[in-house]
Amino acid sequence: MMLLAWRALREHGWQAGFFGMAMATAISGNCTVFALGQFTLFSVGMLAAQILAIQANRPWLAGVFWAFAMIKPQIALPFALLFLIQRQWTGILSAGIVLTGASFFALEWTGWTLGEYLVHSIGSESLSFVPKSKTGIIAALPISPRVLTAGGIALIGLIGLWLLLARGGLKREMLWPLAGLASALGWILFYHRPYDNPMLFPLVLATAIYTLRDPKISNLCLSGMLATTVFLPASWIFKTPALAFLAFLIPIALALFLILREWQITDRKAKTW
């Protein structure tokens with residue numbers, strides 16, 4: 001994460017690069033991840049490696065990193081959209097191979113059959129713990145978590161199809177806005193706990209890049225709004241209903257703004273040429 005932050009922001013000066021690295025360590029939930037032995041930072045670290053591999057034009061390696069990030073699928077799944085950048089199908093292929101191999105290894109290791117796992121996954125007790133989560137649509141609506149999870153997966157698929165068909169493919173300039181959108185989609189669509197806050201780090205970097213390129217007061221305010229979600233202690237946020245609502249709304253609103261703004265810039269450049 002710190003390496004990704006440095007590479008993302010260093011073009012704006014070494015101070016910006018070090019500030020990005022500091023942001024990686026300041027995210028609310030980092031300490032809880034270590035205290036509870038969670039995999040959040042590992043998953044986000046693999047997603048950071050995925051982004052770096054895509055930037056290095058190594059889609060097959062990006063697919064391997066994304067597959068490892070799927071140890072936390074509620075965080076990693078939306079980042080499959082990044083393979084739409086310049087239609088990097090090799091990444092999807094390598095991810096599928098690694099995921100399939102790892103899944104069958106896990107089944108063999110645990111002594112489960114594929115049929116038993118599928119029955120458990122769609123059974124009545126599947127995701128029964130989700131309503132105890134404090135964030136995300138899946139925890140807020142009085143609908144079966146299984147239905148909402150399936151709906152979230154379907155929505156990501158539809159977004160990917162729309163991006164592929166309506167936009168005619170995505171250029172490399174869309175990598176950071178799309179990474180920010182992937183962060184926000186995981187944040188609102190799937191269950192997570194306060195210690196999963198690092199999942200928003202790609203959105204933090206996307207916002208920082210946009211603000212540094214155009215450091216207006218309005219953009220600085222956008223960055224400040226996101227900071228209330230990412231850096232304030234979760235205990236403060238969820239004890240205040242207004243802050244909890246803003247923490248739910250701000251990431252997706254900001255992600256949509258960034259991606260629409262980048263489209264405007266890209267389309268304007270195309271008309272100029």
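Colleague: Which residues in helix 12 are buried?

Modeller: F201, P202, L203, V204, L205, A206, T207, A208, I209, Y210 and T211. Buried means under 20% relative accessible area, with exposed over 50% and partly exposed in between (1.4 Å probe, protein chains only). Helices here are DSSP runs of H or I, at least four residues, and strands are E runs of at least two, all numbered from the N terminus.

Colleague: Where do these values come from?

Modeller: This is a predicted model, where local features need pLDDT of at least 70 and side-chain atom pairs count only at pLDDT 80 or more, while totals for chains, interfaces and linings use all residues. Residues are numbered from 1 along each chain as its sequence is written, and side-chain values use heavy atoms, leaving out hydrogens and water.

Colleague: What makes helix 12 largely enclosed?

Modeller: The count: 11 of its 13 residues are buried, so the rest of the structure largely encloses helix 12.

Colleague: How do you know that the span of helix 12 agrees with its length?

Modeller: The expected span is 1.5 Å times one less than the number of residues. For the 13 residues of helix 12 (201-213) that should be 18 Å, and the end C-alpha atoms are 18 Å apart, so the two agree.

Colleague: Why is helix 1 called roughly parallel to helix 12?

Modeller: Helix 1 (residues 2-9) packs on helix 12 at an angle of about 15 degrees, with the axes 10 Å apart. Axes are lines fitted to C-alpha atoms, for helices over the stretch in contact, and angles run from 0 to 180 degrees between N-to-C directions. Under 35 degrees is roughly parallel, over 145 roughly antiparallel, 65 to 115 roughly perpendicular, the rest oblique. So helix 1 comes out roughly parallel to helix 12.

Colleague: And what makes helix 5 oblique to helix 7?

Modeller: Helix 5 and helix 7 (residues 89-110) pack at about 40 degrees, their axes 7 Å apart. That angle therefore makes helix 5 oblique to helix 7.

Colleague: Why does K72 count as buried?

Modeller: K72 has 8% relative accessibility, so it goes down as buried. K72 sits in the loop between helix 5 (59-69) and helix 6 (73-76). Leaving aside residues up to four places away in sequence, K72 touches Q38, F39, T40, S43, Y195 and D196; contact means heavy atoms within 4.5 Å.

Colleague: What makes G29 buried?

Modeller: Its relative accessibility is 11%, so G29 is buried. G29 is in the loop between helix 2 (14-26) and helix 3 (30-36), and touches P194 and Y195, again not counting residues up to four places away in sequence.
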